[in-house]
Amino acid sequence: MNRGLACFAVALLCPLAALAADNYPSRPITLVVPFSPGGVSDTTARPLAPVMAKRLGQPVIVENRPGAGGGVGMAHVAKAAPDGYTLMMALASISAIPPADKLTGKTPSYSTSQFAAIARISADPTVLVVRDDAPWKSVRELVEAAKVKPGTISFSSSGIYGTTHVAMERFAHAAGIKLLHVPYGGGGEQVTALLGGHVQASTQTYGNISGHIKSGKFKPLAVQSAERLASLPDVPTLKELGYDAEYYLWAGLFAPTGLPEPVMAKLRTVVKEAAADPAFVKAMTGMGTPVQYLDAPEFEAFWRADERHQTQIINSIGKLE
């Protein structure tokens, strides 16, 4: 193609791109949650979807695609058309799964380069909890019991190398203990398993388990943040107790890489407005999860730094069966 024809082609494409942005969205949008209902990704996506829909003028349909610690749903979105009609509410495990696959000799089901960061919605530390009738009243007692009988104290997670699995293994690694991992499809199933006595411990965000803590069904032993949570002022951090196991579970909105810039710009504007909408803020704070919004450039930088940290954690944990 000569230079004149190339310029002519670009001139034609520019108005088409603008037109695509003006027409977007012209049909319903699917917001994929790569976990089962009830977890952080799900409880963040569901109140956000209707607020986004109101501003976009099209339904935003939440679709749960659990499996492989979030890997099934993430791989699905990675392969989706980059047209703005398939979005995803992912957690920190988006960065953990590829290095975990490599560590275990698997071909990674996706690469993080296949996703474009739109916005971070929240970022909460996890809370180590046991049932109220558990024999351990403190982290020290749990650690001592685990050292006496390695691999007998069970905990629930969102799947091998999923967010809550990595969080708990980080604690176990720091404490020098071995726990029994029981994977589930998402946060809701993990919590139900602990409620039913199918496992003995779990680590979740406060928002995901606040009701069970307040009702007395769960006993919080420690939080995995740098400082104590205002909502749990009497619960120590693992750092205070001498364990280097700080961990945060964040939720962020993504699209497949290659999204047209006008569509990305529109989504950034809509999500920023939606994250500040009183109805959404009320829903999140009501669950004990305050909104901690970051726009695309800041979220991208945060995500890449977290990705490096996640890879280091995975490699330090090593290969798990």
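Predicted model: local features only at pLDDT ≥ 70, side-chain atom pairs only at ≥ 80, totals over all residues.
A cavity, on a 1 Å grid over the protein atoms alone, is a set of points where a 1.4 Å probe fits but cannot get out.

A search of the whole structure turns up 1 cavity of 30 Å³ or more. The largest cavity has a volume of about 80 Å³. Its lining is made of 14 residues, and V40, L91, G187, Q190 and L249 are the ones that lie nearest the centre. If you sort that lining by class, you will find 4 nonpolar, 10 polar and no charged residues. Three helices each supply at least two residues of this lining: α2, α6 (163–175) and α7 (187–195). Two of these names come back below, as we turn to helix packing.

Two packed helices are described by the angle between their axes and the distance between the axes. Let us take α7 to begin with. Helix α7 packs with helix α8 (residues 206–214) at an angle of about 25°, their axes lying 11 Å apart. Because angles under 35 degrees count as roughly parallel, α7 is roughly parallel to α8. The crossing of these two helices, α7 and α8, is right-handed. On the α7 side the contact is made by G187, V191 and L195, and on the α8 side by N208, I209 and H212. By class, this contact of α7 with α8 has 3 nonpolar, 3 polar and no charged residues.

Now for α2. Helix α2 (residues 40–56) packs with helix α9 (residues 261–276) at an angle of about 125°, with the axes 9 Å apart. That angle makes α2 oblique to α9. The crossing of α2 and α9 is right-handed. From α2, the residues L48, V51, M52, R55 and L56 meet L267, V270, V271, E273, A274 and A275 of α9. By class, the contact of α2 with α9 has 9 nonpolar, no polar and 2 charged residues.

Finally, the backbone has a couple of spots to look at. Most residues other than glycine have a negative phi, and most peptide bonds are trans. Against that background, the peptide bond from Y24 to P25 is cis, with omega near -5°. P25 sits in the loop between α1 (3–23) and β1 (29–33). The other spot is A68, which has a positive phi of about 55° although it is not a glycine. You will find A68 in the loop between β2 (60–64) and α3 (71–78).

Notes. Residues numbered from 1 in each chain as written. Heavy atoms only, no water. Axes fitted to C-alpha atoms, helices over the stretch in contact; angles between N-to-C directions. Helix = DSSP H or I, 4+ residues; strand = E, 2+ residues; numbered from the N terminus. Parallel < 35°, antiparallel > 145°, perpendicular 65-115°, else oblique. Left-handed = near helix turned anticlockwise from the far one by under 90°. Contact = heavy atoms within 4.5 Å. Nonpolar A, V, L, I, M, F, W, Y, C, P; charged D, E, K, R; others polar. 1 Å grid on protein atoms, 1.4 Å probe; cavity = no way out; pocket = protein on both sides within 12 Å on 5 of 7 lines; lining within 4 Å. Points joined across faces, edges and corners; volume = space filled by probe spheres on them.
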